[in-house]
Amino acid sequence: MEAGKAVSTGQTEKHRVVFTNPVTLNGETVSSIVMREPTVADMRAVDKQGSTDLEREILMIGRLIGVPGEELDALSVSNYKRLQDKYASFFASVGQAAAR
């Protein structure tokens, strides 16, 4: 799957995020990872777990890429920003569709 390309998997889409340099997640060194689109169930679960906006965002991104949120702490800011931008894009596309 090419970076940034969406693939429909039934109810949610998945997008590949390419890191600025390889990272270790789930004990494996990777140069990219697939992030799935969040569901309402994800939003409800994370809302109950995190006590700050940042904690909830980290937990959500972890859920969407299949990595415990604590593992994201070791990422460089530039690599985390790539995940953050992709996560934010799911909500931006909703706003664009509503404006049509």
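Me: In which hand does H1 pass H2 in this predicted model, left-handed or right-handed?
Reply: Happy to start there. A crossing is left-handed if the near helix is turned anticlockwise from the far one by less than a right angle, and right-handed if clockwise. Helices here are DSSP runs (H or I, at least four residues), numbered from the N terminus. By that rule, the crossing of H1 and H2 is right-handed.

Me: How do H1 and H2 lie to each other?
Reply: The axes, lines fitted to C-alpha atoms over the stretch in contact, have angles from 0 to 180 degrees between N-to-C directions. For H1 (residues 40-49) and H2 (residues 53-65), the axes come within 9 Å and cross at roughly 140°. Angles under 35 degrees count as roughly parallel, over 145 as roughly antiparallel, 65 to 115 as roughly perpendicular and the rest as oblique. H1 and H2 are therefore oblique.

Me: Which residues does Asn79 touch, leaving out those up to four places away in sequence?
Reply: Asn79 sits in helix H3 and is buried (under 20% relative accessible area, with a 1.4 Å probe and protein chains only), at a value of 0%. Contact means heavy atoms within 4.5 Å. On that basis, the partners are Phe19, Thr20, Asn21 and Val23.

Me: What should I know about the numbering and the limits of the model?
Reply: Residues are numbered from 1 along each chain as its sequence is written, and side-chain values use heavy atoms, without hydrogens and water. As the model is predicted, side-chain atom pairs count only at pLDDT 80 or more, totals for chains, interfaces and linings use all residues, and local features need pLDDT of at least 70.

Technical notes:
Helices (H or I, at least four residues) and strands (E, at least two) are DSSP runs, numbered from the N terminus. Buried means under 20% relative accessible area, exposed over 50%, partly exposed in between (1.4 Å probe, protein chains only).
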